[in-house]
Amino acid sequence: QVQLVESGGGLVQAGGSLRLSCAASGNIFSINVMGWYRQAPGKQRELVARITSGGSTNYADSVKGRFSISRDKVKNTVYLQMNSLIFEDTADYYCNAVIRLKEDGVEYRYWGQGTQVTVSA
């Protein structure tokens, strides 16, 4: 029904930048919140940043001032610009979206497959 496809992860040196993208496709009527979560080895998944359909944003304290989330409502895509990366940012990053389907008008939460970000010290 709905797919979230992420791209943009990889290996980067500390201090570098990466841009993650997540495109939603399928039987979409509307998208409410879109966001990024991350999970480091041995740790729980945590919210990194999210953005509402109205453009309001929230960030984890650990990434404020370094990461920026944005979305293209026409393309159903959310982006995460990550600057000044540090070793502690190393994790699998997951796209998340709350999507209302055309077929039943109900909102569901979807997850992407994850993209790995590795920051070398």
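1. A charge is taken to sit over a ring if NZ of Lys or CZ of Arg is within 6 Å of the ring centre and within 35 degrees of the ring normal. In this predicted model, the charged end of R45 sits over the ring of W111, at 4.6 Å from the ring's centre. R19 lies over the face of Y79, 4.1 Å from the centre of that ring.

2. The ring of W111 also takes part in an aromatic pair. There are 2 aromatic pairs by the rule used here. One of them joins Y37 and W111 edge-to-face, with 5.0 Å from centre to centre and 65° between the planes. Y37 belongs to strand β4 (residues 28–39) and W111 to strand β10 (residues 107–111), so this pair ties together parts that are 74 residues apart in sequence.

3. The two partners can be described by their accessibility. Y37 has 18% relative accessibility and therefore counts as buried, the cut-off being under 20%. W111 has a relative accessible area of 36% and is partly exposed.

4. Turning to the strands, an open sheet is formed by 4 of them, in the order β1-β3-β8-β7, with antiparallel pairing. β1 (2–7) and β7 (67–72) are at the edges; each has a single partner strand, so one side of each has no neighbour in the sheet. From one strand to the next, the twist averages 15°.

Definitions and conventions. Residues numbered from 1 in each chain as written. Predicted model: local features only at pLDDT ≥ 70, side-chain atom pairs only at ≥ 80, totals over all residues. Heavy atoms only, no water. Pairing = 2+ DSSP bridges. Helix = DSSP H or I, 4+ residues; strand = E, 2+ residues; numbered from the N terminus. Axes fitted to C-alpha atoms, helices over the stretch in contact; angles between N-to-C directions. Phe/Tyr/Trp six-rings, centres within 6.5 Å; stacked < 30°, edge-to-face > 60°. Buried < 20%, exposed > 50% of the residue type's maximum accessible area, 1.4 Å probe, protein only.
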